[in-house]
Amino acid sequence: MLPATAQEEEIIWDAKPSKKEAIYKRTDRIAYKVEIKNNLKTDQSGRLSYAIIAPNNKEVSSSSISVKVNKKSSGKYQLSIPTQPAGFYKVNIMLNTNEYDDTIRRVIGINPQQISSAGNKPADFDAFWAKAKDELNKIAPNYKVTAKPDSDKKNTNVYLVEMKSIGNITVRGWLTLPKDRKPKEKFPVWVILPGYGGEGVKPIYGSPQMAVLSFNVRGHGNSKDVIHTTTEGYVTTDVENRNKYVFRGAIMDCLRAIDFIETRKDLDSTQILVSGASMGGYLSIAVASLDQRVKLCSSNNPVFCDYRASVGSKEWPMKSFTEYGRKRGIALNTLLYNLDYFDLKNFSDKLKCPALIGMSLLDNLAPPANVQAMLNNIKVKYKLFVYPELAHEVPPSIYEYLSNWTMDKFGLF
């Protein structure tokens with residue numbers, strides 16, 4: 001069905017893939033079903049066409065059919081699209097009539113499990129992160145928990161949590177617990193990690209059967225008193241030195257948060273879920289891959305996958321890295337070598353726990369081909385949700401699924 005509109009004097013149209021998620025095998029018949037509603041007072045005739053754009057941004061196929069939709073009526077058409085080699089392809093669908101001209105942009109995936117990445121995992125990748133963990137373990141955490149009664153809600157207590165992380169930097173988060181709890185009761189823990197941009201996460205008032213730790217890594221939310229860069233500058237902070245790069249610290253911050261959970265008698269450290277979107281999705285998979293204390297992982301639109309595949313891109317974050325190197329006379333290859341240690345596809349082969357992952361095909365910040373290169377390295381089963389008409393976002397339904405899935409996995413009824 002076409003979406004409702006308050007404007008009657010126009011043409012309304014939409015294009016739907018023949019497979020709901022727009023993911024195809026090479027042997028599948030690929031098509032888009034197009035519905036056109038003509039609200040104008042004149043008949044409309046013209047052409048309905050498509051153009052397929054390959055990952056290298058070159059057009060690889062195009063065709064068109066004639067259309068005619070009488071005034072105040074609707075028409076349905078189908079565009080058949082030839083199959084292509086494995087990859088994700090932009091599909092531009094154009095409608096041109098005597099009084100109307102518009103384009104719908106979509107993306108299809110063809111045999112995405114066959115997508116490979118040109119970049120190799122550094123031989124000392126595991127040793128690099130083992131050293132970071134050893135360094136973290138030498139930092140006294142100095143955990144501090146402060147009740148915040150002014151932030152309490154009817155059924156939830158709120159606590160400010162503070163701890164020392166790698167580099168002796170203080171990081172903070174918000175722990176929420178059900179008020180109605182029994183002595184010695186232990187709650188499964190849902191750790192929520194922040195998206196990129198500094199805003200961070202606030203206290204989350206969650207399920208009466210779970211504790212929620214909304215945790216801000218360095219440079220975000222209430223953890224940006226030491227590292228307080230601009231939004232643009234965070235991703236490039238010390239990127240020329242992998243031992244000082246901001247994401248080395250951010251990932252260790254998350255592991256310190258898991259350490260904190262183990263110290264609490266009211267938290268069940270055998271039932272930990274980490275989740276997040278965008279940068280939070282990146283951190284969730286990275287942390288779950290490094291720390292098997294994490295038992296469930298949820299990641300939506302994870303960024304920082306397959307950096308080398310984005311060379312030449314004008315989009316963030318590659319645009320930021322290119323500009324950073326240019327201004328400082330640092331070769332991009334030098335930065336890429338360091339970024340190999342932080343590329344999510346190089347973490348994901350160590351993921352052991354069940355995971356829910358959301359991927360949106362129109363996402364320019366976490367492009368589906370980059371995310372897929374990371375997914376193809378995962379060796380355990382995971383549940384993937386694909387959203388063909390969304391960009392850097394997911395619908396509310398995935399969070400409802402996550403809630404039910406977590407309750408089931410942790411035996412909460």
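**Close-up views of the predicted model**

View 1. The structure is a predicted model, in which local features need pLDDT of at least 70 and side-chain atom pairs count only at pLDDT 80 or more, while totals for chains, interfaces and linings use all residues. Residues are numbered from 1 along each chain as its sequence is written, and side-chain values use heavy atoms, with hydrogens and water left out.

**View 2. The surroundings of Phe247.** Leaving aside residues up to four places away in sequence, Phe247 touches Trp129, Tyr234, Val235, Met279, Tyr282, Phe304 and Phe342, contact being heavy atoms within 4.5 Å.

**View 3. Aromatic pairs at Phe128.** Rings of Phe, Tyr and Trp (its six-membered ring) pair if their centres lie within 6.5 Å, and planes under 30 degrees apart count as stacked, over 60 as edge-to-face and the rest as tilted; by this rule there are 20 aromatic pairs. Phe128 and Trp129 form an edge-to-face pair, at 5.1 Å centre to centre with 90° between the planes. Phe128 and Tyr341 form a tilted pair, at 4.9 Å centre to centre with 50° between the planes. The latter pair links distant parts of the chain, 213 residues apart, with Phe128 in helix α1 (residues 125–137) and Tyr341 in the loop between α6 (332–339) and α7. Phe128 is buried at 8% relative accessible area, as is Tyr341 at 0%, buried meaning under 20% relative accessible area (1.4 Å probe, protein chains only).

**View 4. Charged groups over aromatic rings.** Arg248 lies over the face of Phe128, 5.9 Å from the ring centre, and the charged end of Lys383 sits over the ring of Phe385, 5.3 Å from its centre; the criterion is that NZ of Lys or CZ of Arg is within 6 Å of the ring centre and within 35 degrees of the ring normal.

**View 5. Helix α8 and what covers it.** Because seven of the eight residues of helix α8 (residues 368–375) are buried, the helix is largely enclosed by the rest of the structure. The elements covering its buried residues include β7 (87–97), β8 (100–110), α4 (279–290) and β17 (383–387).

Notes
Buried means under 20% relative accessible area, exposed over 50%, partly exposed in between (1.4 Å probe, protein chains only). Helices (H or I, at least four residues) and strands (E, at least two) are DSSP runs, numbered from the N terminus.
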